[in-house]
Amino acid sequence: LLTACNKNDDVAIIITTTQNELTTQETTPEETTTPEETTTPEETTTPEETTMPETQTEPVTLSEDERRALLNQEAAQAVPGIVCWGDSLTYGYGGNGESYPGTLQRLIDERLISGIPVVNNGVCVEQTYTIMARAGVWPMMVDSFVMPSGIAPVEIHVNLKNGMYTNLTCFGDAGLNPVTIAGVRGILTSSYHEDDYGYCYFTRIEPGEEVYVEYGTPIEPASVNMYEDYINVIFMGENGYFHSADDLVLQYQSFIEGRGLTRYILIGLTTGDNNGRSVLEQKMTESFGDHYINMRTELVSRGPDIAGLERSVDDWYNIQEGIVMRYLMSDDIHLNEYGYRAAGTIVYERMEALGDFDGVKNAIAKYGN
């Protein structure tokens, strides 16, 4: 019996082992088929889940008016405008109706887009400090006076900071009016005195209470609240009032900092020659880099070609000495229509090189022109 039991036990053991082995073999295909059964629906449903036909829309077609409105809006955001500050060379004296700001406006209209204003704030005869005063970067004050309650003009005396000489309003008021004195807005006009150009008439725009204005009360020009984000072009110095190259550089720096400019062009003097202007032009280049245009040398080297004029046999002398050709000048100081046309083109090209028009070009590429 014991042997039989042992054998039976052995048999039982053998049978149990065999059943375990069989069970393992039977479960193996279940394990291998499980991933096939679970992955099959995932593989077949994945493309259906990623395909989202509901997000596909037809491209929006803009009307001509809508496209033009968006183009003008983005162009105006990129370049709201350009304001040119200076004296008679900015005004365009001697140009037979042409000026460099006028040429600049025409090139922008033709090559980019119409609607970007170019403001000519050039006033003849003005010196550097008066130009800066109109731009709001050089302080103006008044002697004490009584401002009448009505709108009748009252004569006042205007002083510039540091006692600088002024002929303010004698030849124009671009960027100046209306001014604000003691919180009252009004118009300044010239009241010429032979011994002193500092006299003006102040005429308040609206009647109000009589005001006693103390000595040293500041005059605020209209320009302090104008031309936000405009590109500024500054051309001053032909009428003097700088003592050295460093002095003119400091005046330009005061202008730039006073208006908080990041986009600007400075135009170098067009009179003189290589010998007389080399120090000033070197200082300006070192201080302002590509924002400074050496207009004298640009006009000598490229002016006739830009203006479409045949060169003279005497040009070799002008090129050697660095003197602007007579056929680009209306007198010893001022350019003529060909000179202004060349100068305006040079300013446009420098703005383009500095990337000032990139935003406008992007808008044109986006909406067409």
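Guide: What follows is a set of questions about the terms used for this structure, each with its answer.

Visitor: What kind of model is this, and how many helices and strands are there?

Guide: This is a predicted model. The protein chain has 11 helices and 13 strands. Of its 369 residues, 41% are buried. The accessible surface of the chain is about 19,600 Å², and carbon and sulfur atoms hold 51% of that surface. Among contacts with a separation of 6 or more, 73% are between residues 24 or more positions apart.

Visitor: Why are Trp85 and Tyr227 called an aromatic pair, and what makes the pair edge-to-face?

Guide: Rings pair if their centres lie within 6.5 Å, and planes over 60 degrees apart count as edge-to-face. For Trp85 and Tyr227 the centres are 5.8 Å apart and the planes make 85 degrees. The structure contains 10 aromatic pairs.

Visitor: How do you know that this pair links distant parts of the chain?

Guide: Trp85 lies in strand S1 (residues 82-86), while Tyr227 is in the loop between strand S10 (217-220) and strand S11 (231-235). The two residues are 142 residues apart. Trp85 and Tyr227 also belong to one aromatic cluster with Tyr230 and Phe255.

Visitor: Are these two residues, Trp85 and Tyr227, buried or exposed?

Guide: Buried means under 20% relative accessible area. Trp85 has 0% relative accessibility, so Trp85 counts as buried. Tyr227 has 12%, which is under 20%, so Tyr227 counts as buried.

Visitor: Which residues does Arg134 touch, and why is Arg134 called buried?

Guide: Arg134 is in helix H5 (residues 128-134). Its relative accessible area is 0%, which is under 20%, so Arg134 is buried. Leaving out residues up to four places away in sequence, Arg134 touches a list of residues that includes Trp85, Gly86, Asn121, Asp173 and Pro221.

Visitor: What makes Lys161 a charge over the ring of Trp138?

Guide: One requirement is that NZ of Lys is within 6 Å of the ring centre, and another is that it is within 35 degrees of the ring normal. The charged end of Lys161 is 5.1 Å from the centre of the Trp138 ring, and it sits over that ring.

Visitor: How do you know which strands are at the edges of the open sheet?

Guide: The open sheet has five strands in the order S2-S1-S11-S12-S13, with parallel pairing. Strand S2 (118-122) and strand S13 (292-293) each pair on one side only, and these are the edge strands.

Visitor: What makes S1 and S11 a pair of strands?

Guide: Two strands pair if there are at least two bridges between them. S1 and S11 have five bridges and run in the parallel sense, so they pair. Val83 stands opposite Asn232 in S11, Cys84 stands opposite Val233, and Gly86 has Phe235 as its bridge partner. S1 is also joined to S2 by five bridges, again parallel, and there Val83 stands opposite Val119. Three bridges join S11 to S12 in parallel, with Ile234 and Leu266 as bridge partners.

Visitor: Why is S11 called largely enclosed?

Guide: Five of the five residues of S11 are buried, so the rest of the structure largely encloses this strand. Ile231, Val233 and Phe235 point one way, Asn232 and Ile234 the other. In a regular strand the side chains alternate between the two faces of the sheet. S1 is mostly covered too, with five of its five residues buried. Ile82, Cys84 and Gly86 are on one side of S1, and Val83 and Trp85 are on the other.

Visitor: Which strands form the closed barrel, and what makes S7 and S8 a pair?

Guide: Six strands form the closed barrel, running S3-S5-S8-S7-S6-S10, with antiparallel pairing. On average, neighbouring strands of this sheet are turned by 45 degrees against each other, direction ignored. Strand S7 (residues 184-190) and strand S8 (residues 199-204) are joined by five bridges; at least two are needed, so they pair. These two strands run antiparallel, and Ser190 stands opposite Cys200 in S8.

Conventions
Residues numbered from 1 in each chain as written. Predicted model: local features only at pLDDT ≥ 70, side-chain atom pairs only at ≥ 80, totals over all residues. Heavy atoms only, no water. Helix = DSSP H or I, 4+ residues; strand = E, 2+ residues; numbered from the N terminus. Buried < 20%, exposed > 50% of the residue type's maximum accessible area, 1.4 Å probe, protein only. Contact = heavy atoms within 4.5 Å. Areas by Shrake-Rupley, 256 points an atom, 1.4 Å probe, with all protein chains shown as cover. Phe/Tyr/Trp six-rings, centres within 6.5 Å; stacked < 30°, edge-to-face > 60°. Axes fitted to C-alpha atoms, helices over the stretch in contact; angles between N-to-C directions.
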